[in-house]
Amino acid sequence: AEIAKLNGKIREDEEDINRIYTKIGRTVYESHLDPDAQHNFEDDFQEIEDKKKDIELSRDTVCTLKGTARCPVCGAEVEKDAYFCKKCGAKMNDR
């Protein structure tokens, strides 16, 4: 149940990031129509970075609960004792 909650939170955070990207894009387009308009995206950029950090923490927690690890190159979930990533072939850091 905890893994399902975390996966749901990851999806929500990813949707939020996409919503912010869309908002930024719309604002950039609108500024093209009105060159005098002033826009500051720092809050949006910070919110994206915060959401990305939350996603990484949630993914790490899911791996801990499942007893797996994440590939340092592609982020794929791999067996804890794997020497190489099954997705990209990268060597796991602690092996």
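**Salt bridges between the elements**

Tutor: From the N terminus on, the elements of the protein run α-α-β-β, where helices (H or I, at least four residues) and strands (E, at least two) are DSSP runs numbered from the N terminus. This is a predicted model, in which local features need pLDDT of at least 70 and side-chain atom pairs count only at pLDDT 80 or more, while totals for chains, interfaces and linings use all residues. Residues are numbered from 1 along each chain as its sequence is written, and side-chain values use heavy atoms, with hydrogens and water left out.

The protein has 17 positive and 22 negative side chains; Lys and Arg count as positive and Asp and Glu as negative, whereas His and the chain ends are not counted. Side chains of opposite charge can pair when their charged atoms come close. A search of the whole structure finds 10 salt bridges, a salt bridge being a side-chain nitrogen of Lys or Arg within 4 Å of a carboxyl oxygen of Asp or Glu.

One of them joins the side chains of D44 and K23, at 3.0 Å from N to O. Because D44 lies in helix α2 and K23 in helix α1 (residues 2–33), this pair ties together parts that are 21 residues apart in sequence. D44 counts as buried at 9% relative accessibility, whereas K23 is partly exposed at 39%. Here buried means under 20% relative accessible area, exposed over 50%, and partly exposed in between (1.4 Å probe, protein chains only).

A salt bridge also forms between R70 and D60, whose closest N and O atoms are 2.9 Å apart. This pair links distant parts of the chain, with R70 in strand β1 (residues 68–70) and D60 in helix α2, 10 residues apart. R70 is partly exposed, with a relative accessible area of 21%, and D60 is partly exposed at 37%.

In another salt bridge, the side chains of E77 and K66 meet at 3.4 Å, N to O. E77 lies in strand β2 (residues 77–79) and K66 in helix α2, so the pair ties together parts that are 11 residues apart in sequence. E77 is partly exposed, with a relative accessible area of 30%, and K66 is partly exposed at 43%. Finally, salt bridges that share partners join E14, E56, R59, D60 and R70 into one network.

Notes
Charge placed at Lys NZ, Arg CZ, Asp CG, Glu CD.
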